[in-house]
Amino acid sequence: MNVTAWVLAPVAVALIVAVAAVLVVIVAVKGTAPSDRATVLKAVAEVIRAIRGTRR
């Protein structure tokens, strides 16, 4: 593989992970009451942090 592919591979992976996170949020928030959205978003953020390994 050439240098361009080595540089673009991590960028593509990061983009795919970001799109997946946005889709998870959309699916999680869809159909929830406005008063529960903050709780749902907090839970999704905790899951994403746990997957990345940066949970505090």
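In the predicted model, helix 1 spans residues 3-29 and contains 27 residues, with 40 Å between its first and last C-alpha atoms, a reach close to the 39 Å expected at 1.5 Å a residue. Helix 1 is followed by Gly31, which has a positive phi, near 90 degrees. Helix 2, made up of residues 37-52, has 16 residues, and the distance from its first C-alpha to its last is 22 Å, close to the expected 22 Å at 1.5 Å a residue. Just after helix 2 comes Gly53, and here too the phi is positive, at about 85 degrees.

A nonpolar patch on the surface is formed by Leu15, Val19, Val22, Leu23 and Ile26, which together present about 460 Å² of accessible area. Within this group, Leu15 belongs to helix 1, and Leu15 is classed as exposed because its relative accessible area is 55%, where the cut-off for that class is over 50%. The spacing of such positions along a helix can be considered in general terms: an α-helix has 3.6 residues a turn, so residues three or four places apart point the same way.

The largest pocket has a volume of about 170 Å³, and its lining consists of Val17, Ala20, Ala21, Val24, Val44, Val47, Ile48, Ile51 and Arg52. The elements that contribute two or more residues to this lining are helix 1 and helix 2, and the largest share, five residues, is supplied by helix 2. One of the lining residues, Val17, is located in helix 1; with a relative accessibility of 52%, Val17 counts as exposed. Val17 and Ile48, both among the residues that line the largest pocket, are 31 residues apart along the chain, while their C-alpha atoms are separated by 9.9 Å.

Val27 and Ala38 are eleven residues apart in sequence, and the distance between them in space is 14 Å from C-alpha to C-alpha.

How values were computed: Residues are numbered from 1 along each chain as its sequence is written. This is a predicted model: local features need pLDDT of at least 70, side-chain atom pairs count only at pLDDT 80 or more; totals for chains, interfaces and linings use all residues. Side-chain values use heavy atoms; hydrogens and water are left out. Helices (H or I, at least four residues) and strands (E, at least two) are DSSP runs, numbered from the N terminus. The expected span of a helix is 1.5 Å times one less than its number of residues. Patches are made of residues with over 30% relative accessible area and no salt bridge: like charges are joined within 9 Å, nonpolar side chains (Val, Leu, Ile, Met, Phe, Trp, Tyr) within 5 Å. Accessible areas come from the Shrake-Rupley method with a 1.4 Å probe; for residues, only the protein chains shown count as cover. A salt bridge is a side-chain nitrogen of Lys or Arg within 4 Å of a carboxyl oxygen of Asp or Glu. Buried means under 20% relative accessible area, exposed over 50%, partly exposed in between (1.4 Å probe, protein chains only). On a 1 Å grid over the protein atoms alone, a cavity is a set of points where a 1.4 Å probe fits but cannot get out, and a pocket is an open set with protein on both sides within 12 Å along at least five of seven lines; lining residues have an atom within 4 Å of a point. Grid points are joined across faces, edges and corners, and a volume is the space filled by probe spheres set on the points.
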